[in-house]
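Subject: Model for your files

Dear colleague,

Please find the structure below, with the sequence. My notes come after it.

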Amino acid sequence: IYLNPQGWAVLSEVAPRERWTKLLEYAIDRLATPYGLRLLTPPYQEFDPYLGRISAELPGVYENGATYNHAAAFFLQALLKAGMTAHAWEYCKRILPDSQANPSDRSGAEPFVLTNCIFTGEAGRRAGTSYFGWYTGTAAWIIRLVHNGFSGFWPDYDGLHVRPEHIPAEIGLREVRRLYRGTEYRMTVQSKSPKRVVVNGKDWNSPDPLPLRQGGRVDVRLE
């Protein structure tokens, strides 16, 4: 099983909506490690000229079954899209620099830099070793996950939506300010599990995007 097809089946909406949760849960069950989500399992054990480089690497190293964080970041976005916020937050924490499961004195990475991959159990004593910090797309996608997900805002083609269910209770979010298409959105969070959305002083129960106010401000309150 490979990580990328599962996440992108949700992101692209190729998979039917009613299958998203089962699909993602199965991928987690097969691919989760203490260091995050591995790219595939089981790792290739010998070189296959048809497959090329991925099978030339040692098991648990780089693309051959390691936690490949760039791909994992796609998968985290898919989890959020499917409404699985707790899972997205848990596996995001596992790949963050100096994580509880893999501190910097073990990973060998700087405590403030996301890395591209983390070796997994098949790598033996090198399990947990991180590689390729500073030049990985992981960083951009994790920023995207926070900015367009864990913040409670979800941009789409039709505008900016508010998604209280995307905010992990653990982070204790209190306020978010966002400039989007010429409008300043200022959101305050008054509950760890918001049940009510108030926009400019009025209840907001619409699936539509938040109103635009060119050059002005829209106030959002989550209660």
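Predicted model: local features only at pLDDT ≥ 70, side-chain atom pairs only at ≥ 80, totals over all residues.

Residues are numbered from 1 along each chain as its sequence is written, and side-chain values use heavy atoms, with hydrogens and water left out.

The sheet. An open sheet is formed by 3 strands in the order β3-β4-β5, with antiparallel pairing. Its edge strands, each pairing on one side only, are β3 (67-68) and β5 (130-133). Strands here are DSSP runs of E of at least two residues and helices are runs of H or I of at least four, numbered from the N terminus; two strands pair if DSSP finds at least two bridges between them. Between β3 and β4 (residues 115-118) there are 2 bridges, and tyrosine 68 has cysteine 117 in β4 as its bridge partner.

Helix α4 with α7. Helix α4 (residues 69-81) packs against helix α7 (residues 138-150) at an angle of about 15°, their axes 8 Å apart. Axes are lines fitted to C-alpha atoms, for helices over the stretch in contact, and angles run from 0 to 180 degrees between N-to-C directions. The two helices are therefore roughly parallel (under 35 degrees; over 145 is roughly antiparallel, 65 to 115 roughly perpendicular, the rest oblique). On the α4 side the contact (heavy atoms within 4.5 Å) includes Phe74 and Leu80, and on the α7 side Trp141 and Arg144. By class, this contact has 8 nonpolar, 6 polar and 1 charged residues (nonpolar: Ala, Val, Leu, Ile, Met, Phe, Trp, Tyr, Cys and Pro; charged: Asp, Glu, Lys and Arg; polar: the others, Gly among them).

Helix α4 with α5. The axes of α4 and helix α5 (residues 85-95) come within 8 Å and cross at roughly 160°, so α4 and α5 are roughly antiparallel. The contact of α4 with α5 has 7 nonpolar, 3 polar and no charged residues.

Aromatic pairs. The structure holds 11 aromatic pairs. Rings of Phe, Tyr and Trp (its six-membered ring) pair if their centres lie within 6.5 Å; planes under 30 degrees apart count as stacked, over 60 as edge-to-face and the rest as tilted. Phenylalanine 112 and tryptophan 134 have ring centres 6.1 Å apart and planes at 70°, so this pair is edge-to-face. Phenylalanine 112 lies in the loop between α6 (104-107) and β4, and tryptophan 134 in the loop between β5 and α7, 22 residues apart.

Regards
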